[in-house]
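Please look over the structure below before reading the points that follow.

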Amino acid sequence: MGLEAVHPRRVIRFGVFEVDLDAGELRKRGTRVRLQDRPFRILELLLERSGRVVTRQELRERLWAQDTFVDFEHGLNAAMNKLRDALGDAASSPRFIETLPRRGYRFLVSPWSATGDLEVRVERSMLAVLPFRNVGEDPRHELFTDGLTQEMVIRLGRLCRSKLGIIATPSVQRYRNGDRAPERVGRELGVDFVLDGTVRRANGRVRIGAQLIQVRDRTVLWADTIERDASDEFAVQREVSTHVAGALALEFLPEDTEAADTPVKLSEWREVYLVGRHWLAKRTPDALRASLEYFRRAQAIDPACAVTLASIAETLALGVEYGVFRPESALPEAKESVLLALETDPAAGDAYMTLGFLKHRWEWDWTAAEEAYTRSIELNPSCSSALHNYAQFLSHRGRHDDAIDALRRAIRLDPYSLVMRSEESCLLVNAGRNDEAQAVIGRVLEMDPDYAVAWNSKARGLLAVGRFDEAVDAARRAVATAGGTPYVSATLGAALALAGYPHEARRLLAEMDPSCRSTYHSPVHIARVHAALGEEEAAIGFLEEGLRVHALEMVQLRNDPELRSLRKSPAFERIAAAVGLR
């Protein structure tokens, strides 16, 4: 009897799901999910075109016969609802399938295929650590409570790096005082588990109650109450996280329950440091000044703390971008601080992230930058900021699809981050996907109509497609709420120039004079306005200056829409090559 040919089974995987194309089956963690033929075929098409729009017309032509006399719209909507139910997805906060009104759908996650024997691969599950609630009477204890929540996020992320993804803290803050029902959190954040807890602090004691809830059936997997002396808050945090890790052990198989950490046992340091993180998250010039002040106070309390050193480096680097600090002094100090942080704690993921930023944006050492970014993500896969920075790096390298994929992974970890969703619009513009970019930024502005970064991203997308008057309106909105951020002023100046308002553009240029002492304006921003005014020689001159001083913005030369007119210039190409841009 002869041997029959064995053909590899065609399997596509994404998240915790796998699609067996030959068997026509959808599985979740190896368990079959019932799905009718038409929803399955829609899923197959979306996976085939992952990241691209599948129009409603394409779906009709492929899945509905020409002579089928049915209500197509109703049939498609019903099939999509069944598919979303099977995936645990929601149109209002999509994890997998994005709806583009009146156009079609797009699969958001990059799937990967496999051949050979079908194997069950369990991807990372997602956990939301809700803000621990202060149930005591003293509101001053909120800072202690916030700190406990943040430390829990960091520790759990380290305990189960390859099996468990932790939603970033900013995206769970909306549940601080609102509806914390597990099914709502699961639906809106796309998580499998929720950790909910309370803190009561009185008479020198702290009492913490916590429970781990499985979203799909509201099962309490673990619950406990711990009471300890309030002065030893780090020991309490470690004990609680150890209990949680034990409850998760069978599901996630944590790799290292004693992952590296920097347990600075000084409550004074903790409170000062947390205030610094609060200001850093606001990303305005005044907030960055305040955050650096608090981090320096934290460093004075504990000079060798890697966490503080990494935060100082991150603040200095961002401060240069926002015109707060001058690069010639801030960036060398940032590098010194980040290297000291890594010497103190070689597993400091945040330090690797900032090292990647400096190698990427300042030193233009592209190989070392990618190594640092990937090391940061390896140390803490739940760090959305590291993925965000890496996505920018990939975009500057011209790897646009990879960049968008990395950023969407970051958004998956921090789904309500306005800055990341605004960045998604910018990366889509860089990739030439302008319609998608405007759709994305429209959703951000629905969330916060006064968000300056979003208005700037909108203006940038409009400039890319030549809608200059609309770009001026968007840029004005950005400037009105940006607190004097230089790159926003430059966008307005360029928009005014391209829209035919050169006098206003020149007035802004005068305010961006390089000799200005109060706010640092990168020569690249000044070049953007000169290029928009058609002043090629002046623009090239400022880019030459940017090359000399290693301006952070030089890595964006091939993506800035205002500089498009310079790209045929040999001088521009020479400058771009010197930066290492392809």
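**Notes on the predicted model**

1. The chain has 24 helices and 14 strands, helices being DSSP runs (H or I) of at least four residues and strands (E) of at least two, numbered from the N terminus. This is a predicted model, in which local features need pLDDT of at least 70, side-chain atom pairs count only at pLDDT 80 or more, and totals for chains, interfaces and linings use all residues. Residues are numbered from 1 along each chain as its sequence is written, and side-chain values use heavy atoms, with hydrogens and water left out.

2. Of the 582 residues, 55% count as buried (under 20% relative accessible area, 1.4 Å probe, protein chains only). Among contacts (heavy atoms within 4.5 Å) between residues at least 6 apart in sequence, 61% join residues at least 24 apart.

3. Helix 20 (residues 486-498) packs against helix 21 (residues 502-511) at about 155°, the axes lying 7 Å apart; axes are lines fitted to C-alpha atoms over the stretch in contact, and angles run from 0 to 180 degrees between N-to-C directions. That angle makes helix 20 roughly antiparallel to helix 21 (over 145 degrees). Helix 20 contributes Ser489, Leu492, Gly493, Leu496 and Ala497 to the contact, and helix 21 contributes Pro502, Glu504, Ala505 and Leu508.

4. For helix 23 (residues 536-549) and helix 24 (residues 570-579), the angle is about 15° and the axes are 10 Å apart. Helix 23 and helix 24 are therefore roughly parallel (under 35 degrees). Ile540, Leu543, Glu544 and Leu547 of helix 23 meet residues of helix 24 including Phe572, Arg574 and Ile575.

Methods: Buried < 20%, exposed > 50% of the residue type's maximum accessible area, 1.4 Å probe, protein only. Parallel < 35°, antiparallel > 145°, perpendicular 65-115°, else oblique.
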